Amino acid sequence: MSKLLEDILVLDFSQFLSGPYASLRLSDMGARVIKIERPVIGDICRTLYVSDVKIDGAESTIFHAINRNKESFVADIKDEDELEKIKKLIKKADILIHNFRPGVMQRVGLGYEAVKEINPTLIYAEISGYGEKGEWKGFPGQDLLLQSVSGIAYLSGNEADQPTPMGVAAGDILAGTHLVQGILAALFSRFNSGEGSLVQVSMLESLLDFQFEVLTCFLNDGYALPERSAVNNGHAYIAAPYGIYQTADGYIALAMGSITLLGQLLQCDLLYKYNEPTEWFDKRDEIKLILKEHLLTKKTKEWLHILEPADIWCSDVFDYDTLLKSDGYNVLDMEQMVYSGNKNIKTTRCPVRVDGEALKSDKGAPALGQDTLMIGKEFGL
Amino acid sequence: MHLPLKGIVVLEFSQYLSGPCAGLRLADLGAHVIKIERPQKGEAGRKLAIKNLWADESSLLFHTINRNKESFTADLGDPQDMQWIKRLIGQADVITHNFRPGVMEKKGLHYESVKEINPGIVYTEISGYGNHGPWKNKPGQDLLIQSLSGLTHSTGNYHDNPLPFGLGIGDYLCGNQAVQFILGALIRKKKTGQGALLQLSLMETLIDFQFEFFTTYFQSKRQHKRSAISNGHSLLSAPYGIYKTQDGYIAIAMMPLQKLNAAIDCEALTQFEEEDTFKKRDEIKAVISTHLLTGTTTSWLKKTQPLDLWVMPVLNWQELKEKQGYKILEMEQQIHLDDIEITTTRCPVRINGQIFLSGKPAPQVGQHTEHIKAALSLKYE
């Protein structure tokens with residue numbers, strides 16, 4: 001069986017996370033991805049260190065996680081000769097990705113209209129923070145800032161908490177994911193039309209789409225704002241018991257379920273009086289407060305032994321130390337080793353299996369410009 | 001409107017969010033999506049409401065996720081109905097289902113048998129935890145998978161309980177990952193005629209979502225810790241986070257500490273070195289928190305934004321809706337359901353400058369059964 005994107009060539013001008021996450025997925029599907037990086041510094045993510053963890057004391061773990069299975073070609077696009085080389089590469093490419101702020105690619109002569117002249121079948125894909133028009137177009141398209149502007153910070157945490165951002169770069173990852181959807185839809189459509197396309201996604205639109213269910217409630221419910229539950233909020237729009245509770249020795253997660261049934265199973269008399277399902281939403285804070293006190297009286301395992309056989313939607317709450325020791329994690333075979341120069345780095349794999357096979361590749365992130373010469377020869381630059 | 005997936009037929013055997021949100025995106029891009037529902041009751045998601053909001057006999061939530069689709073009812077236990085389903089499969093390009101492992105096998109609709117009918121089919125299977133291992137029969141519910149995947153240790157502050165994302169990130173992202181691979185598989189099918197089996201789970205999706213964290217964990221062998229104050233991302237240094245001001249909140253992303261100091265004039269920050277911004281992040285963030293309470297959000301934005309520092313106000317949806325930066329995105333659209341108008345959001349991807357809109361509402365149970373049967377009869381005569 002051939003790979004899904006066999007023979008597809010991607011030129012990736014993007015940096016940090018959103019665009020590189022898109023090209024990572026394309027490379028997982030079998031496309032060849034060449035990072036176009038500027039001399040000396042390269043993708044800024046190379047030196048974006050997180051916490052105090054660096055690989056071999058020098059390189060960013062994040063860079064390695066996002067850029068495995070790609071090549072690196074260095075060129076200074078402000079230099080005319082180098083720009084010519086880039087244009088030759090563009091002629092051969094199927095997909096171009098960038099996530100510069102609006103106007104940057106136009107200024108170097110690589111805006112969509114100009115590039116279309118060079119290669120009319122190219123899929124030209126761009127991610128911005130806030131779209132290319134409007135008051136925020138020149139603002140930094142950074143994940144925390146987009147979460148803050150999009151209203152997402154009012155969905156997690158409890159009622160009394162400050163706005164609480166989601167602790168993973170959801171805006172970057174979702175914009176990258178949506179971009180791949182647009183790219184592949186355009187590539188599919190190219191079979192019929194023979195023409196390329198411009199595909200555009202902004203992080204703000206991506207984060208609004210992520211909230212599509214709850215935003216639709218807002219838009220049809222008199223613009224009522226979300227009210228996070230005061231006790232163990234799991235979702236501002238969902239009834240009790242939805243949330244994570246402390247037990248005698250850890251935590252337990254409880255999703256949707258009947259409060260009456262829970263009361264019986266947990267032998268919690270105080271819950272018996274809530275026998276109207278609408279109360280489970282309207283009175284969720286008082287119900288959850290009762291549950292919160294009650295669940296402290298036994299260990300997580302003891303509660304799970306009672307609830308799981310009754311098919312109540314519940315689970316343990318793991319951190320990485322406990323997750324990685326569990327059979328349920330290990331059976332997924334989510335880890336892979338990649339080789340970058342003389343370094344071995346353990347990372348995760350693509351989450352999708354194709355034709356029964358997990359998609360893995362041991363090719364690590366490229367050193368800056370490591371493929372420049374080889375690509376130059378191959379494409380006669 | 002040019003629809004890139006025009007002519008593609010998708011049979012959606014899925015329920016709730018993960019599979020149906022994949023179907024929604026494919027529909028928006030032009031595919032003909034047919035929900036296969038059981039007679040009378042239809043998909044289980046019709047009766048799942050959030051905030052007790054209903055559109056008709058089905059919840060507003062169902063209408064949000066299933067607009068722009070058709071409905072075909074069939075009893076998968078009835079041989080005559082199964083004949084129709086098999087005819088439909090013969091005409092389809094894509095199947096999605098998100099039943100627990102084994103259910104489609106029992107109906108005789110697993111990949112091996114469907115492939116016999118239609119070798120080019122792109123068969124997409126979404127599960128909670130994969131098809132093997134101790135969790136395979138556990139409910140594949142979003143909060144539970146957030147809890148088991150370690151995700152709940154990323155949001156909120158150090159002293160908080162494990163805190164879930166207040167949205168169904170596992171369901172939503174899994175559906176979105178599926179769309180990418182369905183499109184990749186359709187592209188391969190165009191070239192080679194091959195069909196594909198695509199398998200993914202919410203658990204694998206949420207592990208991939210945390211790929212930065214896992215890769216860092218594999219290097220350091222240490223569980224990451226949320227910062228005690230204004231946690232925004234547990235791997236990032238001060239000042240990253242959301243802070244209270246005199247009249248609201250402000251989000252501050254990555255920036256050199258002394259640059260921030262120069263802009264907001266906070267004498268107490270001069271005692272910290274840039275290299276301490278991770279190790280001493282709670283001390284530093286405490287200083288910033290106190291200082292930012294002395295001015296309004298607007299006053300801080302005026303001091304920081306002209307210097308291109310990465311800051312933005314924290315908005316709720318009512319505030320966002322009034323902003324020009326939101327309005328120009330044209331993110332809202334109307335769905336026409338008999339005499340009810342529902343306002344919802346649109347697909348976040350633009351192709352050739354065009355947004356994708358459709359006013360077609362979610363179907364009534366079995367609304368299109370007869371029509372589809374008539375069309376199939378013509379094909380098979």
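Helices (H or I, at least four residues) and strands (E, at least two) are DSSP runs, numbered from the N terminus. This is a predicted model: local features need pLDDT of at least 70, side-chain atom pairs count only at pLDDT 80 or more, and totals for chains, interfaces and linings use all residues. Residues are numbered from 1 along each chain as its sequence is written, chains are lettered from A and ligands numbered from 1 in the order in which they are written, and side-chain values use heavy atoms, without hydrogens and water.

**View 1. A nonpolar surface patch around A:Ile41.**
A:Ile41 sits in the loop between strand 2 (32-37) and strand 3 (54-55) of chain A. Its relative accessibility is 43%, so A:Ile41 counts as partly exposed. Here buried means under 20% relative accessible area, exposed over 50%, and partly exposed in between (1.4 Å probe, protein chains only). Together with A:Val40 and A:Ile44, A:Ile41 makes a nonpolar patch with about 270 Å² of accessible area. Patches are made of residues with over 30% relative accessible area and no salt bridge; like charges are joined within 9 Å, nonpolar side chains (Val, Leu, Ile, Met, Phe, Trp, Tyr) within 5 Å. A salt bridge is a side-chain nitrogen of Lys or Arg within 4 Å of a carboxyl oxygen of Asp or Glu. Areas come from the Shrake-Rupley method with a 1.4 Å probe; for residues, only the protein chains shown count as cover.

**View 2**
Two strands pair if DSSP finds at least two bridges between them. In chain B, strand 1 (residues 9-13) runs parallel to strand 2 (residues 32-37), with four bridges. B:Leu11 has B:Ile34, in strand 2 of chain B, as its bridge partner.

**View 2. B:Leu186 and its contacts in both chains.**
B:Leu186 belongs to helix 7 (residues 169-192) of chain B. Its relative accessible area is 2%, so B:Leu186 is buried. Beyond neighbours within four places in sequence, B:Leu186 touches A:Phe188, B:Ile8, B:Asp93, B:Val94 and B:Val122. Contact means heavy atoms within 4.5 Å. B:Leu200 is 14 residues away in sequence; the C-alpha to C-alpha distance between B:Leu186 and B:Leu200 is 17 Å.

A:Pro241 lies in the loop between helix 9 (212-220) and strand 9 (243-246) of chain A. B:Pro239 lies in the loop between helix 9 (211-220) and strand 7 (241-244) of chain B.

**View 3. Positive phi at A:Gln267 and B:Ser230.**
Most residues other than glycine have a negative phi, and most peptide bonds are trans. A:Gln267 has a positive phi of about 50 degrees. The residue is in the loop between helix 10 (259-266) and helix 11 (279-282) of chain A. A:Gln267 counts as exposed because its relative accessibility is 64%. B:Ser230 has a phi near 45 degrees. Its place is the loop between helix 9 and strand 7 of chain B. B:Ser230 counts as buried because its relative accessibility is 10%.

**View 4. Domains of chain A and chain B.**
Domain bounds come from an automatic or database domain assignment. Chain A has domain 1 (9-210 + 332-378) and domain 2 (251-316). Their C-alpha centres lie 44 Å apart. Chain A holds 16 helices and 15 strands, and its C-alpha trace spans about 80 × 50 × 40 Å along the principal axes. Of its 381 residues, 62% count as buried. Chain B has domain 1 (9-209 + 330-380) and domain 2 (241-321). The C-alpha centres of these two domains of chain B lie 42 Å apart. Chain B holds 15 helices and 12 strands, and its C-alpha trace spans about 85 × 50 × 45 Å along the principal axes. Of the 381 residues of chain B, 63% count as buried.
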